Amino acid sequence: PTISVGGLGPWQKRRATELLSENLSGRIGLSQLAAECGLSVSHFARSFKATFGVSAHRWLVQRRIERSQELLIHTLDSLADIADLTGFADQAAFTRTFHQTVGISPGRWRRDHQPKDRMFYLRKDRSASC
């Protein structure tokens, strides 16, 4: 087993991930996270990175991308709506970040990952309304 030196304690790790997950929009500051964990901002930032291997901001962006992937598969929300729901400034910022992280655009990812039977029903519904 690897021993983490200088990382967050178990309760701090749990509290930090709870707060970040509750605030996917990014409306929580590093100072608030640090205060909740009883640490200075610089100590919290170093400890978070030692614990998770990425900065708190990078961790948050990764969770936002994961949440957007869930929404892309399970909803018919527009990319602009998904961008808003996951805390991106706009659709362009969402698309750029998604592409950098995942390797393809969110629209392409959605088409590639939607259940095949869902696409059938969506097409069937659309043709019925024409």
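Ring pairs came up first, and I used this rule: rings of Phe, Tyr and Trp (its six-membered ring) pair if their centres lie within 6.5 Å, with planes under 30 degrees apart called stacked, over 60 edge-to-face and the rest tilted. By that rule I find seven aromatic pairs in the structure. I looked up F48 and W59, which make an edge-to-face pair at 6.3 Å centre to centre with 85 degrees between the planes. F48 belongs to helix α3 and W59 to helix α4, so this pair ties together parts that are eleven residues apart in sequence.

Before going on, I noted what I was working with. The model is predicted, so to speak of local features a pLDDT of at least 70 is needed, and side-chain atom pairs count only at pLDDT 80 or more, while totals for chains, interfaces and linings use all residues. Numbering runs from 1 along each chain as its sequence is written, and side-chain values use heavy atoms, with hydrogens and water left out.

**Overall layout**

I took helices (H or I, at least four residues) and strands (E, at least two) as DSSP runs, numbered from the N terminus. That gives eight helices and zero strands, and the pattern along the sequence reads α-α-α-α-α-α-α-α. For burial I used under 20% relative accessible area as buried, over 50% as exposed and in between as partly exposed (1.4 Å probe, protein chains only). Of the 130 residues, 35% count as buried. Areas come from the Shrake-Rupley method with a 1.4 Å probe, and for residues only the protein chains shown count as cover. The accessible surface comes to about 8,100 Å², and 52% of that belongs to carbon and sulfur atoms. Contact here means heavy atoms within 4.5 Å. Among contacts between residues at least 6 apart in sequence, 55% join residues at least 24 apart.

**Helix α1**

Which residues of α1 are buried? I get Q12, A16, T17, L19 and L20. They cover an arc of only 165 degrees around the axis, which puts them on the same side of α1. The arc is that of the directions from the helix axis to the C-beta atoms. On the face turned away from that buried side I find the exposed residues P10 and E22. The cover over the buried residues of α1 includes α2 (30-36), α3 (41-52) and α4 (56-74).

For length, the expected span of a helix is 1.5 Å times one less than its number of residues. Helix α1 (residues 10-22) has 13 residues and reaches 18 Å from its first C-alpha to its last, close to the 18 Å expected.

I checked T17 separately: its relative accessible area is 19%, so T17 is buried. Leaving out residues up to four places away in sequence, T17 touches F52 and W59.

α3 has twelve residues and spans 16 Å from first C-alpha to last, close to the 16 Å expected. Its buried residues are F44, S47 and F48. Seen down the axis of α3, these fall within an arc of 105 degrees, so they line one face of the helix. They pack against α1, α2 and α4. Just after α3, G53 takes a positive phi of about 85 degrees.

Back to the rings: F44, F48, F52 and W59 are linked by ring pairs into a cluster. A charge sits over a ring if NZ of Lys or CZ of Arg is within 6 Å of the ring centre and within 35 degrees of the ring normal. By that test the charged end of R63 sits over the ring of W59, 4.6 Å from its centre.

I also looked at V41 in α3. With 38% relative accessibility, V41 counts as partly exposed. V41 touches L30, S31 and A34, not counting residues up to four places away in sequence. The C-alpha atoms of V41 and S31 are separated by 5.5 Å, although the two are ten residues apart along the chain.

Where is T86? I found T86 in the loop between α5 (79-85) and α6 (91-102). T86 is buried, with a relative accessible area of 0%. Apart from neighbours within four places in sequence, T86 is in contact with L24, S25, R64, R67, S68 and L71. R64 also lies over the face of F88, 4.3 Å from the ring centre. F88 is buried, as is F94.
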